Amino acid sequence: MKEGKRAEAEGAKAEVSRLKEANRTLEAEKTQAETEMHEQLVLIPNLPHASVPEGNGADDNHCEETGGTVPKLPDDALPHWELARKYDIIDFELGVKITGAGFPVYKGKGARLQRALVNFFLDCARDAGYVEIEPPYVVNAASGYGTGQLPDKEGQMYHANLDDLYLIPTAEVQLTNIHRDEVLDASQLPLLYTAFTPCFREEAGSAGRDTRGIIRVHELDKVEMVKLCTPETSYEELEKLTANAERVLQLLELPYRVVALCSGDIGFGSAKTYDLEVWLPSQGKYREISSCSNCEDFQARRMDTRYRPAGGGRPRFVHTLNGSGVAIGRALIAVLENGQAQDGSIRIPEALVPYMGGVAELRRN
């Protein structure tokens, strides 16, 4: 302009404007592409560990060991939903009245037995070195994303539009997220946490399966165990975690088995999972009561949870593990059904008697 070359200057200004607009368009396209790529990447599950059996589904899982003895029950033994009515300890109709199907109400000795199991499992976890946490029962989307429940189980989690919070499907979410966006010291590891919480799952009783009793419910109680450790120790920690859950079933004198899940049955975020299955006489088969999983660094990458190696070097992602220690409802089913005696009473496992105030058996009032 100062040199009098107005036309040339106006042309340059127009070109700058065009380039700015083109840049805005490209930035928008780049952001859209990154968003779409991220949405696809978070749907990719974890890679199974080399030791995981190959297979397509539950029929291809591998039984690692069995424990306990399947009891010889009376000829008139009942399933747990009939025992619940006989002893007036679980009211399914009242749950429907108050809330809806899948929300049972525990009463009297049923409520006490439920509480006894909770305290017993927490004490077992504490004795094994876990630090007890009492976390919130709702989490934000970032927490759900961090452990892989979101977006994988978006349609199975109860979502409260108010404040955009989710009711937890498992306490794994809160316990694992304790150290989200943190860099830990190697000396802090392993970190062991446990919590008792209710868990909320919309998929319960889907497709007409297990709609009787409390095999599948929308609200279930569970004691969860979580570990954060170094990659070098995570598979040793998985064996210890599984043994912690197994010990609970041994103390309850329940027949059970440990199953290694195959590649087609393993969970979204897990690299390797052992299921503990307890014997349920009413079904004539073993049913899952705990899943113990090593997620390796799958969750840690989503949460950005790292640690500084003891020998120096750049921070590395921790490995995270989780396991039920165990599901309260299914433990209660197993205690009721496997404890039926010839005289019509239900024997309480010896380990639970102190938690039941000395009550060693259930009888009809």
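Residues are numbered from 1 along each chain as its sequence is written, and side-chain values use heavy atoms, with hydrogens and water left out. In this predicted model local features need pLDDT of at least 70 and side-chain atom pairs count only at pLDDT 80 or more, while totals for chains, interfaces and linings use all residues.

Met37 belongs to helix 1, which spans residues 6-41 (helices are DSSP runs of H or I with at least four residues, strands are runs of E with at least two, and both are numbered from the N terminus). Because its relative accessibility is 52%, Met37 counts as exposed (exposed means over 50% relative accessible area, buried under 20%, and partly exposed in between, with a 1.4 Å probe and protein chains only).

Elsewhere, helix 4 (residues 108-127) meets helix 9 (residues 328-338) through Gly110, Leu113, Gln114, Leu117, Val118 and Phe121 on the helix 4 side, and through Ile328, Ala331, Leu332 and Leu336 on the helix 9 side, where contact means heavy atoms within 4.5 Å. The two axes come within 10 Å and cross at roughly 115°, the axes being lines fitted to C-alpha atoms over the stretch in contact, with angles running from 0 to 180 degrees between N-to-C directions.

Asn61 sits in the loop between helix 1 and strand 1 (62-67), and it counts as buried because its relative accessibility is 18%. Apart from neighbours within four places in sequence, Asn61 is in contact with Val259, Ala260, Leu261, Cys262 and Asp265.
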